[in-house]
Amino acid sequence: MSCLFCKIAAGEIPATLVHEGERIVAFNDIDPKAPVHVLVITRDHHDNVAALTHVDPSLAAELLGVAAAIGASNASGFRVVLNTGADGGQSVNHVHAHVLAGRGFAWPPG
């Protein structure tokens, strides 16, 4: 297994876990872009959110539910970002949601 997030989900690489469930794991990002920056991943490997929703919509919903719960528990407002593909800013090819909170977020981003 060469996928970084698969190794984290399997406990082979240490991470500061925020949530650990049967199908979903969440951990603090090692390069945070906000005071709260948590990555929410599936234990099973799926390349991105498009692939996940095609194969297992209920797991996609579970991923989003965990992300929302983490965001809501940390702030009155939060952002959930799912990058897909290199042009979409995805740097690890394993589906993951970024939960960002703890500061304001301007829109459009600038």
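Predicted model: local features only at pLDDT ≥ 70, side-chain atom pairs only at ≥ 80, totals over all residues.
User: Which residues is N48 in contact with, leaving aside its neighbours within four places in sequence?

Analyst: These are T84, Q90 and V95. Contact here means heavy atoms within 4.5 Å.

User: How do you know whether H94 is buried or exposed?

Analyst: The relative accessibility of H94 is 0%. The limit for buried is under 20%, so H94 is buried. H94 is found in the loop between β4 (78-81) and β5 (96-101).

User: What joins the side chains of H94 and H45?

Analyst: A polar contact of 3.2 Å joins them, and that value lies within the 3.5 Å limit. With neighbours within four places in sequence left aside, H94 is in contact with residues including C3, F5, C6, I41 and H45.

User: What makes F5 and F27 an aromatic pair, and which kind of pair is it?

Analyst: A search of the whole structure finds one aromatic pair. In that pair, F5 and F27 are 5.7 Å apart centre to centre, with 70° between the planes. Ring centres must lie within 6.5 Å, and planes over 60 degrees apart count as edge-to-face. The F5 and F27 pair is therefore edge-to-face.

User: Why does this pair tie together parts of the chain?

Analyst: F5 lies in helix α1 and F27 in strand β2, and these parts are 22 residues apart in sequence, so the pair ties them together. Both F5 and F27 are buried.

User: Why is K7 called partly exposed, while P14 is called exposed?

Analyst: K7 has 24% relative accessibility. Buried is under 20% and exposed is over 50%, with partly exposed in between, so K7 counts as partly exposed. P14 has 76% relative accessibility, and because exposed means over 50%, P14 counts as exposed.

User: Where do K7 and P14 lie?

Analyst: K7 is found in helix α1, and P14 lies in the loop between α1 and β1 (17-20). P14 and A67 are 20 Å apart in space, C-alpha to C-alpha, and 53 residues apart in sequence.

User: What is the volume of the largest pocket, and which residues are closest to its centre?

Analyst: The volume of the largest pocket is about 290 Å³. Of its 18 lining residues, L4, F5, D29, I30 and L39 are closest to the centre. α1 gives the most to this lining, with three residues. The lining divides into ten nonpolar, seven polar and one charged.

User: How many residues line the second largest pocket, and how do they divide?

Analyst: The second largest pocket has a volume of about 210 Å³. It is lined by 13 residues, of which K33, H37, V81, H98 and L100 lie nearest its centre. Five residues of this lining are nonpolar, three polar and five charged. β4 and β5 each supply at least two residues of the lining.

Notes
Residues numbered from 1 in each chain as written. Heavy atoms only, no water. 1 Å grid on protein atoms, 1.4 Å probe; cavity = no way out; pocket = protein on both sides within 12 Å on 5 of 7 lines; lining within 4 Å. Points joined across faces, edges and corners; volume = space filled by probe spheres on them. Helix = DSSP H or I, 4+ residues; strand = E, 2+ residues; numbered from the N terminus. Nonpolar A, V, L, I, M, F, W, Y, C, P; charged D, E, K, R; others polar. Buried < 20%, exposed > 50% of the residue type's maximum accessible area, 1.4 Å probe, protein only. Polar contact = N/O pair within 3.5 Å; in protein donor to acceptor, adjacent residues only side chain to side chain. Phe/Tyr/Trp six-rings, centres within 6.5 Å; stacked < 30°, edge-to-face > 60°.
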